[in-house]
Amino acid sequence: MKRLSLTLAALLFMAASWTATAQETKPKREGVISGRVVADDGQPMGGAQVVAVGVGKSPVMGAAQMSSCDADGNFKVTGLSHGVYSIVARAPGYVSVQDQSRKYRIGESVIIRMARGGVITGRVTDEFGEPVVGVRVAADRVRDSEGKPGAGAATMNEMYSSRSTDDRGVYRIYGLEAGAYVVGVNVASPIFGGPGQTGREPPTYHPSSPRGAATEVNLRGAEEVAGVDIRARGGRGRSISGTVSGETQGDGFINGVAVTLYGAADKNLVGMTTQIGSQNFSLRGVDDGEYELTATRFNESMDLAISAPRRVVMKGADLNGIELKLLKLGSVSGRVVIEAPKAECETASDQFKVEEAMIEMKRDGRAPGVYAFGFFPMEAGGNLGGATPDKIGGFTVKNLEAGRYRVNTDLPDESWYIRAITQAATPKPIDVSRSGLTLKQGEKISGIEITIAQGAASLSGRVVPSREGAQLPKRLRVHLIPAEAAAADDLLRYAESPVRGDGAFEFKHIAPGKYLLSARQASEKDANDDQSRPLAWDAVERGKLRREAAAAKNEIELKVCERVKEHILRW
Amino acid sequence: MLRITRFQILLSITSLFIFSVANAQTPQQDSRPRTASVSGRVTVAGKPAVNVKVVVTEVKDRPAPGSQDFSMDLTGAGTGEDHVALTDAEGRYRVTNLPEGKYEAKVSMGGHIREKPSPNESLVESFSLDEGESRGNVDFALVRGGVITGRVTDADGRPLIARAVSLQGVDIQGGKTILRGSQNPMNLMMGLDGSQTDDRGVYRIFGLRAGRYLVSAGGESDVFTGGAGSYPRAWHPDAADENHAKVVEVTSGGEVTGVDIRLGAAKKTYEALGRVVDDETGKPIAGAGVMCIRVKAADESAAIDGIGFGGFGGNAKTDEQGNFRLAGLAPGQYQLNLFDQESFLTGGSNYYSDGSKFEIHGGDVAGVEIRAKSGVTISGVAVIEDADQSAKSSLSQTMLMAHSMPSSPPASPDEAGGIAGAFAMAPAASRIGIDGAFSLKGLRPGKVTIQAVSVTGGALKITRIERGGVEMTEGIVVTGREDIAGVRIVLGKGSGKIRGRVQVTGGALPDGWRMTVTARGGKNISSFDSSRSYYADVDGKGWFVIEDLLPGEYELMLSVQPEINPNSPPQPVQNMPAPVTQKVVVTKGQEAQVTVTLDLSKKNREEK
């Protein structure tokens with residue numbers, strides 16, 4: 001077995017990025033994404049590493065490529081096939097300060113900004129005041145620097161957000177993003193499982209509390225917050241155990257099951273255990289309280305099965321014999337069809353590569369299983385719910401929970417827009433763009449056709465207060481509404497753009513035609529929710545928008561391939 | 001290095017499952033009588049250690065790989081029950097109401113070490129309890145460990161973050177022994193290792209035995225620098241080699257500060273450009289994956305070596321002209337091969353390559369060529385013997401791997417051994433379809449041996465390989481270019497058992513050493529058919545059990561090793577008894593009994 005493990009170890013452990021199978025297409029563009037990593041403090045970022053991960057693909061199985069930066073921070077990720085990628089940079093002690101969810105395509109150039117991370121340090125003592133040596137201390141970010149709650153904020157940088165105490169009981173966690181943290185020992189984590197070193201003790205957060213009563217530590221940037229001491233509470237906590245049943249066998253070769261325990265109210269990760277080859281699970285060191293238990297089955301191709309969250313109440317006694325039933329997840333598959341161009345925009349790039357369209361399924365209501373997906377790296381986790389088509393436009397978005405979805409497409413080129421989204425049916429295809437797609441548990445929907453046409457227009461401009469010197473309200477959004485009565489219910493022709501601090505807004509991939517513009521303040525709930533449905537999806541809101549827009553009379557006609565800039569909209 | 005995502009870590013841990021298996025158990029009804037107890041004393045420098053936690057855990061035997069109950073708990077949350085005791089004013093602890101079994105007592109005194117150096121440097125004592133036994137004197141005589149701390153900076157005085165710091169122990173004669181350092185890549189990656197610098201470039205190594213040390217940083221295999229560039233190894237304070245390094249003297253429990261290391265200029269890295277072409281047609285191959293490893297570093301200071309692996313050079317994919325680009329390569333000798341991870345798990349590539357070598361001196365290299373050769377495909381059907389239906393689902397969880405041994409000897413010792421060799425001879429893998437179909441592609445000429453691998457339980461083993469009704473006992477010989485179809489692979493679960501006892505004569509085995517029995521054989525004692533090798537620990541009373549064996553003759557090998565503590569220095573091993581071998585025949589469904597005698601009085605001992 002030594003030979004086997006050496007081979008496997010060498011091949012699986014050492015390799016950093018993998019290739020897809022050989023293709024026959026001849027890409028005209030070199031498969032390169034290049035750019036530069038720059039640091040806020042001006043330090044050269046030589047040696048920083050940049051990874052490009054393909055959307056919807058398992059990073060283990062072939063969709064991650066990387067590059068190291070030269071002494072000036074320049075990098076070049078090569079060998080990429082046509083597709084859509086997330087780009088992440090890593091440098092010890094630094095954090096990324098830009099939107100990690102932006103997607104890139106080959107031929108693009110990226111500037112990645114990093115800033116020195118913050119530091120939290122302190123001392124851990126036991127209930128007798130003696131230093132606790134060699135225990136892991138984790139900093140869990142509960143809110144980001146803008147005050148937004150970080151669901152799963154712990155998951156991404158978690159590996160770098162925990163350090164062990166030294167012989168004096170002192171720990172130092174560095175490279176942290178700005179935000180509010182709770183800092184604790186014996187804390188559960190996707191990597192280390194737990195809670196606890198021995199899996200027995202419940203977590204203790206600074207200063208000496210269970211999570212609910214923890215004192216938050218605020219990091220405003222590249223600063224050091226010292227004295228974040230923790231006095232371990234000791235004790236044993238209780239255990240939750242049971243079995244995982246249902247869809248335990250997937251198609252993958254390496255099937256594992258992760259069981260996660262979350263606080264019922266605050267949705268914080270409290271415990272996690274990962275098994276390969278066993279259906280029994282056991283979590284220890286759990287305080288009394290109310291929780292949600294979920295099981296996720298995963299494999300090397302990132303095919304998942306999830307159990308419905310199970311509410312459990314821990315009060316004074318171990319919980320045994322809990323059965324979590326894994327349910328199949330659904331998928332949506334279909335084709336992206338390129339309509340023969342009737343018009344060609346000047347700015348159209350050489351060829352539209354259908355592999356560079358990104359298809360996303362956005363679910364109405366609660367964000368799909370963020371908790372379960374927290375196990376996966378953000379590079380891939382952010383890509384779950386998305387897929388890119390193959391060379392002939394076929395795509396499958398998998399791992400979808402039951403619910404109602406709308407189809408989103410991210411197109412690489414300004415000159416394309418979505419003409420129609422339909423589902424094959426008799427006698428006539430269903431217009432999915434209006435009705436959305438409803439997926440039952442484990443249902444596989446196929447025959448979705450997304451038609452893309454050339455000739456898209458784009459519009460950008462600024463919202464300006466009508467009264468000189470007045471302030472623009474927060475959470476402003478600009479809505480683009482089709483002017484023609486016949487298009488009143490054509491959801492593909494509605495669009496929304498957030499308004500930046502300086503009033504700027506932007507629309508791309510717009511079908512040529514007549515439009516009305518309307519500016520509206522979004523509700524606080526909608527503004528904070530990344531998954532929020534476009535307002536126009538709701539028939540009642542749509543009607544309101546149309547009336548408002550008709551009254552405001554902000555008309556604009558967008559011709560084929562037209563690029564309108566500097567359009568002023570008065571508020 | 002790519003900060004490997006946790007899923008990849010998961011996968012890599014999976015691949016090492018042979019060596020690190022824990023058996024997660026749900027708390028089950030345990031009706032064993034709980035009448036045993038254990039007690040002992042914890043002292044620090046001879047004085048009682050008060051209010052110190054001692055955790056006593058029952059240790060379940062590791063199931064042998066390939067056994068039915070195989071499972072892996074990655075989070076390490078479970079072995080058996082934990083019992084926590086606190087030491088009293090005299091440093092004494094006691095745990096009662098224990099069932100009989102094997103146990104480990106661990107004292108929570110990080111930063112401390114055993115007063116006397118011993119093979120067992122860990123703060124863990126292993127012992128076993130009989131029903132009703134009162135075991136005493138499970139003591140821990142400790143002293144505070146020494147500390148070395150300092151800062152690592154580059155040539156311009158800037159702190160270097162997340163760098164590994166290594167220690168070398170200097171023995172009295174002035175010779176050198178490699179001690180621990182940041183050599184455990186997993187610990188290093190996860191920041192668990194105390195000897196990694198923080199954001200100020202500061203490191204702190206604690207728990208050291210008094211003595212003299214050399215302290216160094218840099219020179220890591222490029223893989224493990226975590227995105228921070230590569231530097232040649234340098235010793236405190238700023239020496240480029242060991243001869244000019246300043247010796248650091250650590251007293252018992254003492255702290256030495258200011259042990260700073262100033263690294264020289266960052267290693268300059270270079271590029272290699274090359275092509276993959278079809279060996280026969282000369283046409284370039286687009287989208288082919290290549291993987292490159294460094295077999296020899298120019299400065300001979302690669303942290304991982306001795307097995308022909310001087311670092312990971314990276315990998316790349318070819319563009320439509322069949323060209324690839326590898327960047328960030330430090331000077332040294334490299335080996336390049338075709339490699340495609342995705343297909344390793346999903347299907348396989350028809351190509352193989354013999355590996356190309358290139359060398360980087362002080363500049364970029366161009367024109368490296370890999371000739372992709374069309375390999376042979378071995379295909380057929382895999383079935384389960386005796387039509388054991390319960391095992392049918394296990395077929396889909398079983399992967400077949402084919403290893404090729406070339407018919408002619410390797411061109412050089414470099415190509416033969418270690419990771420470089422394994423890498424060049426990367427196995428072909430095939431899943432087994434629902435209908436039992438398999439297809440092993442891209443095999444090079446030579447003798448092919450096939451083994452069955454599975455991650456989850458129900459481990460099936462190959463009992464027969466047939467072609468055209470003829471049993472292939474020595475593997476399948478691949479010649480020329482013809483595919484080999486119609487191969488029938490019969491798999492089965494072993495049902496034979498070996499139950500044995502080790503008798504130690506001529507002395508007693510010292511504390512802190514354990515015995516392991518490895519069984520090799522079955523139908524073919526073939527050094528390549530490694531699916532035929534199993535092992536088991538010998539328990540406190542000398543018993544061992546190896547299960548799920550296929551019938552045949554096995555060679556048992558009893559070996560003795562010191563307890564391994566990954567965090568402490570490997571002690572020089574003296575007077576270790578030589579392994580003992582014995583043959584035993586296993587038949588289907590039967591338990592073979594055997595006694596192995598370990599005679600400690602024998603003169604032929606291994607010395608290191």
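I first traced a network of salt bridges that links A:Asp166, A:Asp167, A:Arg168, B:Arg144, B:Arg204 and B:Glu255, a salt bridge being a side-chain nitrogen of Lys or Arg within 4 Å of a carboxyl oxygen of Asp or Glu. By this rule I count 51 salt bridges over all chains.

I note that this is a predicted model, in which local features need pLDDT of at least 70 and side-chain atom pairs count only at pLDDT 80 or more, while totals for chains, interfaces and linings use all residues. Side-chain values use heavy atoms, with hydrogens and water left out.

I then looked up A:Arg141, which forms a salt bridge with A:Glu177, the closest N and O atoms being 3.8 Å apart. A:Arg141 lies in strand E10 (residues 136-144) of chain A and A:Glu177 in the loop between strands E12 (170-176) and E13 (179-185), so the pair ties together parts that are 36 residues apart in sequence; strands here are DSSP runs of at least two residues, numbered from the N terminus. A:Arg141 counts as buried at 18% relative accessibility, where buried means under 20% relative accessible area, exposed over 50% and partly exposed in between, with a 1.4 Å probe and protein chains only. A:Glu177 is partly exposed at 21%.

Next I checked A:Arg143, whose side chain meets that of A:Glu216 in a salt bridge at 2.7 Å, N to O. I read both partners as partly exposed, A:Arg143 at 29% and A:Glu216 at 36%.

Last, I found A:Arg220 and A:Glu223 in a salt bridge at 2.9 Å, N to O; A:Arg220 is exposed at 70%, whereas A:Glu223 is partly exposed at 21%.

Key: Residues numbered from 1 in each chain as written. Chains lettered and ligands numbered in written order. Helix = DSSP H or I, 4+ residues; strand = E, 2+ residues; numbered from the N terminus.
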